[in-house]
Amino acid sequence: MAAAAARWNHVWVGTDTGILKGVNLQRKQAANFTASGQPRREEAVSALCWGAGGETQILVGCADGTVKHFSTEEGRFQGQRQCPGGEGTFRGLAQVDGTLITCVDSGILRVWHDKDREASSDPLLELRVGPGVCRMRQDPARPHIVATGGKENALKVWDLQGSEEPLFRAKNVRNDWLDLRVPIWDQDIQFLPESQKLVTCTGYHQVRVYDPASPQRRPVLEATYGEYPLTAMTLTPEGNSVIVGNTHGQLAEIDLRQGRLLGCLKGLAGSVRGLQCHPSKPLLASCGLDRVLRIHRIRNPRGLEHKVYLKSQLNCLLLSGRDNWEDEPQEPQEPNKVPSEDTETDELWASLEAAAKRKLPDWEQTQGVLQARRRKKKRPGSTSS
Amino acid sequence: MAKAGDKSGGSGKKGLKRKASTEEAQETAVGDDGTTESGVQSPKTAAFPPGFSISEIKNKQRRHLMFTRWKQQQRKEKLAAKKKLKKEREALGDKAPPKPVPKTIDNQRVYDETIVDPNDEEVAYDEATDEFASYFNRQTSPKILITTSDRPHGRTVRLCEQLSTVIPNSHVYYRRGLALKKIIPQCISRDFTDLIVINEDRKMPNGLILSHLPNGPTAHFKMSSVRLRKEIKRRGKDPTEHIPEIILNNFTTRLGHSIGRMFASLFPHNPQFIGRQVATFHNQRDYIFFRFHRYIFKSEKKVGIQELGPRFTLKLRSLQKGTFDSKYGEYEWVHKPREMDTSRRKFHL
């Protein structure tokens, strides 16, 4: 039951205890999924990304260096692969053209062939990005371009099909008014749509916009917010502003055209670990160390929509980008069908007596297969809609 | 007519009282010549336009008089009602309906979804593998370092000394202006498990930072109502070297559980304890009361207690993941007064 309903979950959250939680906001239910059936702290989820084929598969990066495949259609883990190399947890996970891109804390970025049956094959490509990576992000428009950044590790944009040198290497801002070097700590990176620009948020509470197309390697725009490190960032649907969260649980929307603060969102009590906006609706999902998943409405009016208490500390989240928030347009029809078929079988039971005992189970099994086939046929139709 | 109007206008008793007062008011108002009657005579049948209240009388003395008379009437009626209820209860005896429970803020507490269910496996696993697991598995025994903010005054110093007698295996060190971030690696190398810093302001201790050491959470509390040993009335003699028992009351939510475990990990874990000393951390309405007593069982059910030791009240300000790093650390919970203190019936611990 939970497995069948898994594809209607709106938000998928990864926790510190290794559990993947699927939350259905319409039904207000949360379901736990684990690979081994028991929560294990060694499998703490550190990165999540959608797999190939729309939003039917999720790639879960765990702290022990494995990447697990989870199918939302079936609601269970399908397989895993070891991605060894480098120390530290996964800081970024992406997939392109049947290959898997992983980046770990110590700066080793590897591209793997995505046949999860093979336990450990050598990586197709390996890049050393520099130690202390905090985030690796893939450009949604050009999937073979990735950006990395971290603590004392400046922003670099890499082309995985190109050379070993980065496409763009950001330069640090000028020395401050005391002539001291400004430290670098890029915590989160986002690619702005319809341009080559990137936005980063730093641990020194700055939000910076870089433009590789312009001759200057220094940030084009810099804005500051608050006094605490900014840990997560997401783009709003219109693309003119970003929403950032810091270690105190403060969420703010910052306009990128002027570098102004547009407004704040309240409610979180702990450090923000994951933020994602819906691509078309004005909804923002946020999760953090206070163990609560919150959905905020960003405009008209700005406020909290849903709040779900999930018992473990939440590390990262994936918000489903589908348009119809209501689930199961087909399922109400199926229960109607099942009773009618039951009445048919009842009649059969009545007509076929003891002589047909062997045949009846076969008949029911074929009925079940037919239903499953019907369901399977419907699935491609439902996900595409 | 007006009487009826009054009765129908007002609600029950209020209508009656208003009738009495309005009658008097009318008497005093109408009877210009009957000034002698004001305030002394019992109310007569007089009517007043409904909606008249005592506050509309412009004369202050008369208004005050009216009000005191109304108040006395109220009190009399309330007493009469109570007596009547009591008589009815006695008359019914056993069949009397149970007494209604008075509403208190603790009773009316808003339902908190984070209250831990004892059968919850996920929370149980989370707690079994958190930073205090090594203490609760008896792998480490506590060793505490107590210090203060820089240049403490007498009260704070004495509080530290008394705290070190209350908490076994604790050592007090003078702060000497050292940065906490430099003290912490040194403590870890010397096998300390917890660090307590008592912050002082204007010669009074007002804050407590409790940091669990290898990489554990740091809790920052506001401290108030500090009473040293000599300020406690009817206290017993000084505490002995016995390891105290610990009582943690009312830490129900998930955050409360974390803080409760933090307090529990300060004291050595020994179910077969000797000695009759007990340290209590009682949480009520998000305030944690610390008391230290010595008890003696006089019989099966009667126990005598003597309060020893210092006494103070704590309120949690923030819980930070990792050792002390207020600027760059990640916070698990931060108290935000304008967002979290809007309801008087909502508590977080």
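Let's start at one residue: A:Val220 sits in the loop between strand 18 (206-210) and strand 19 (221-224) of chain A. Strands here are DSSP runs of E with at least two residues, helices are runs of H or I with at least four, and both are numbered from the N terminus. Before going on, keep in mind that this is a predicted model, in which local features need pLDDT of at least 70 and side-chain atom pairs count only at pLDDT 80 or more, while totals for chains, interfaces and linings use all residues. Residues are numbered from 1 along each chain as its sequence is written, chains are lettered from A in the order in which they are written, and side-chain values use heavy atoms, with hydrogens and water left out.

Leaving aside neighbours within four places in sequence, A:Val220 is in contact (heavy atoms within 4.5 Å) with A:Val209, A:Tyr210, A:Asp211 and A:Ser214. A:Ile295 is 75 residues along the chain from A:Val220, and their C-alpha atoms are separated by 31 Å.

Now zoom out to the rest of chain A. You'll find two helices and 28 strands there, and 51% of its 385 residues are buried. Of the contacts in chain A with a separation of 6 or more, 45% are between residues 24 or more positions apart.

Over to chain B, which has nine helices and 10 strands. Buried residues make up 41% of its 349 residues. Among its contacts between residues at least 6 apart in sequence, 63% join residues at least 24 apart. UniProt, in an unreviewed entry, lists residues 142-325 of chain B as "domain: Brix"; such positions are given in the numbering used here, feature names are shortened, and annotations may be inferred rather than shown by experiment. That span is 18% helix and 42% strand, and its end C-alpha atoms lie 22 Å apart.

Look next at helix 8 (residues 254-264) of chain B, which is mostly covered, with 10 of its 11 residues buried. Among the buried ones are B:Leu255, B:Ile259, B:Gly260 and B:Phe263. B:Gly260 lies 9.7 Å from B:Ile247, C-alpha to C-alpha, and the two are 13 residues apart in sequence. B:Ile247 belongs to strand 6 (residues 245-249) of chain B and is partly exposed, with a relative accessible area of 33%. Apart from neighbours within four places in sequence, B:Ile247 is in contact with B:Val278, B:Ala279, B:Thr280 and B:Phe281.

How do the two chains meet? In this model, 23 residues of chain B are in contact with 33 residues of chain A. Together the chains bury about 2,400 Å², 47% of it on carbon and sulfur atoms; buried area is the accessible area (1.4 Å probe) that two parts lose on being put together, summed over both. Seven salt bridges (a side-chain nitrogen of Lys or Arg within 4 Å of a carboxyl oxygen of Asp or Glu) cross the interface of chain B and chain A. One salt bridge joins the side chains of A:Arg41 and B:Asp126, at 2.4 Å, N to O. On the side of chain B that touches chain A, helix 4 (121-128), strand 10 (330-334) and helix 9 (337-340) of chain B each supply at least two residues. Strand 10 of chain B gives the largest share of that side, five residues.

Conventions
Buried means under 20% relative accessible area, exposed over 50%, partly exposed in between (1.4 Å probe, protein chains only).
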